[in-house]
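Please look over the structure shown here.

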Amino acid sequence: MACAEITGLLRRYAPRNDKEEEFRNSQLFMNKPPTLAVIGLGYVGLPLAILAAKKGWRVIGVDVDEQKLRAIKARASPFSDSRVQEDLRQGVAIETTGDFS
């Protein structure tokens with residue numbers, strides 16, 4: 001799936017100002033925010049996970065690199081990117097795990 005398609009899905013299902021209540025009460029998600037699992041929290045996966053989390057999605061980030069997972073849990077970017085670093089510092093909610101099951 002291309003990044004543009006994923007962004008379109010995020011926009012489609014993300015809470016909007018005028019439809020936020022309707023979205024949250026939707027039978028489609030049984031009163032829960034949609035969940036997105038991002039496999040690989042590198043240069044593509046981590047910014048995607050941050051974007052989804054900022055749009056109201058529950059995000060589970062999966063990566064095999066324990067050092068990267070520790071950095072994200074400590075609210076630090078595992079690579080040099082000022083925007084990612086700022087979003088992590090602001091406390092964007094991403095659950096991280098090394099377990100693919």
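Glu95 counts as partly exposed, because its relative accessibility is 38%. This is a predicted model, and Glu95 takes part in one of its salt bridges: the side chains of Arg58 and Glu95 meet with N and O 2.9 Å apart. Arg58 lies in strand β2 and Glu95 in strand β3, so this pair ties together parts of the chain that are 37 residues apart in sequence. Arg58, at 37% relative accessibility, also falls in the partly exposed class.

How many salt bridges are there by this rule? The count comes to three. They are set out below.

| Salt bridge | N to O distance |
|---|---|
| Arg58 and Glu95 | 2.9 Å |
| Asp87 and Lys54 | 3.2 Å |
| Lys68 and Asp63 | 3.6 Å |

Side chains of opposite charge can pair when their charged atoms come close. In the salt bridge of Asp87 with Lys54, Asp87 belongs to helix α5 and Lys54 to helix α3, so parts 33 residues apart in sequence are tied together. Asp87 has a relative accessible area of 13% and is therefore buried. Lys54 has a relative accessible area of 53% and is therefore exposed. In the salt bridge between Lys68 and Asp63, both residues are buried.

**Overall layout**

The protein has 101 residues, of which 35% count as buried. Its secondary structure comes to five helices and three strands. Starting at the N terminus, the elements follow the order α-α-β-α-β-α-α-β. Among contacts with a separation of 6 or more, 56% are between residues 24 or more positions apart.

**The sheet**

The three strands form an open sheet in the order β1-β2-β3, and the pairing is parallel. Strands of a sheet pair through backbone hydrogen bonds, either parallel or antiparallel.

Strand β1 covers residues 35-39, and strand β2 covers residues 58-62. The two pair in the parallel sense over five bridges. One of the residues involved is Ala37, whose bridge partner in β2 is Ile60. Which residues of β1 are on its covered face, and which on its uncovered one? Leu36 and Val38 make up the covered face, while Thr35, Ala37 and Ile39 make up the uncovered one.

**The aromatic pair**

A search of the whole structure finds one aromatic pair. The ring centres of Tyr43 and Phe79 are 4.5 Å apart and the ring planes are at 45 degrees, so the pair is tilted. The pair links distant parts of the chain, 36 residues apart. Tyr43 is in the loop between β1 and α3, and Phe79 is in the loop between α4 (66-73) and α5 (82-89).

Is Tyr43 buried or exposed? Tyr43 counts as exposed because its relative accessibility is 65%. Phe79, in contrast, counts as buried because its relative accessibility is 11%.

**Gly40**

Gly40 lies in the loop between β1 and α3. At 25% relative accessibility, this glycine counts as partly exposed. Leaving aside neighbours within four places in sequence, Gly40 is in contact with Gly45, Leu46, Val62 and Asp63. Of these, Asp63 is also the salt-bridge partner of Lys68. Gly40 and Val62 are 22 residues apart in sequence, and their C-alpha atoms are 5.8 Å apart in space.

Conventions. Residues numbered from 1 in each chain as written. Predicted model: local features only at pLDDT ≥ 70, side-chain atom pairs only at ≥ 80, totals over all residues. Heavy atoms only, no water. Buried < 20%, exposed > 50% of the residue type's maximum accessible area, 1.4 Å probe, protein only. Helix = DSSP H or I, 4+ residues; strand = E, 2+ residues; numbered from the N terminus. Pairing = 2+ DSSP bridges. Phe/Tyr/Trp six-rings, centres within 6.5 Å; stacked < 30°, edge-to-face > 60°. Salt bridge = Lys/Arg side-chain N within 4 Å of Asp/Glu carboxyl O. Contact = heavy atoms within 4.5 Å.
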